[in-house]
Amino acid sequence: MNNESMYHEGMRSLQDRRDTRRIADRLENVIVHSSFTHDDRTFIQQCAMVFVATADAHGHPDCSYKGGLPGFVRVLDDQTLAFPDYDGNGMYRSWGNLLANPHVGLLFIDFEKQSRLRVNGTATISEDDELRSEFPGSVFVIRVKAEKIFPACPRYIHKMQLVELSEYAPKPNYTPPIPAWKQFDEFRDALPERDRMEATDAGASNKPEMPK
């Protein structure tokens, strides 16, 4: 890891206002690292979700939830992890931001064990990544080069249990159901051609109502 501090002047200003500069520096020295440990790998690869923060070229932020089956995020080596992009709403706010600004922040949370891990680094997105064939249902593959990895204080994590994994999460030899919103009249005619027929067929037999 380079010797440059992870804190900018805005952070320093608030640290000094609250007399937390010393503990902030101690935390950076003790818990922040740039290579994934065995525990980091185990934690990440058991998670079924990750929160992704990105920003565009002007610094305008976006935060998104990404989910899949446990193990859908893989640690490839000491500084690299990868995960698939699955079919979504087509807005591509998170991954579009990567093309303008590769900096990314990831937050992994285990609500049952009340623990979390942060990974900050730079990311790339590719349709031709060799890993894509190993992620059923993937459209792109995102690779993140970690720069700073660190756990965060768990005190405000609410203890919750995972009741059921999403039926939409891709897996081998499985075709997820069509999401209800793709069957709405307001959207169906704007869908990509690849989705339009499936949504029409599904809607004919079980037309959903728009959420209130």
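Visitor: In which sense do strand E4 and strand E7 pair, and over how many bridges?

Guide: The model is predicted, so local features need pLDDT of at least 70 and side-chain atom pairs pLDDT 80 or more, while totals for chains, interfaces and linings use all residues. Residues are numbered from 1 along each chain as its sequence is written, and side-chain values use heavy atoms, with hydrogens and water left out. Strands (E, at least two residues) and helices (H or I, at least four) are DSSP runs numbered from the N terminus, and two strands pair if DSSP finds at least two bridges between them. E4 (residues 80–86) and E7 (residues 138–151) pair in the antiparallel sense, over seven bridges.

Visitor: Which residue in E7 stands opposite proline 84?

Guide: The pairing of E4 with E7 is antiparallel. Opposite proline 84 stands a residue of E7, valine 141.

Visitor: Which strands stand at the edges of the sheet?

Guide: The open sheet has seven strands with antiparallel pairing, in the order E2-E1-E5-E6-E7-E4-E3. An edge strand has a single partner strand, so one side of it is left without a neighbour in the sheet. The strands in that position are E2 (61–67) and E3 (74–75).

Visitor: What angle does the direction of helix H3 make with that of E6?

Guide: Helix H3 (residues 38–45) packs on the sheet, touching E3, E4, E5, E6 and E7. Axes are lines fitted to C-alpha atoms, for helices over the stretch in contact, and angles run from 0 to 180 degrees between N-to-C directions. The angle between H3 and E6 is about 80°.

Visitor: How are H1 and H2 oriented to each other?

Guide: The axes of H1 (residues 9–17) and H2 (residues 21–31) come within 8 Å and cross at roughly 125°. Angles under 35 degrees count as roughly parallel, over 145 as roughly antiparallel, 65 to 115 as roughly perpendicular and the rest as oblique. H1 and H2 are therefore oblique.

Visitor: Which residues of H1 and H2 make the contact?

Guide: Contact means heavy atoms within 4.5 Å. H2 contributes Arg21, Ala24 and Asp25, and the H1 residues are Arg12, Gln15 and Asp16.

Visitor: How many helices and strands has the chain?

Guide: From the N terminus on, the elements run α-α-α-β-β-β-β-α-β-β-β-α-α. The C-alpha trace spans about 65 × 35 × 35 Å along its principal axes. The count is six helices and seven strands.
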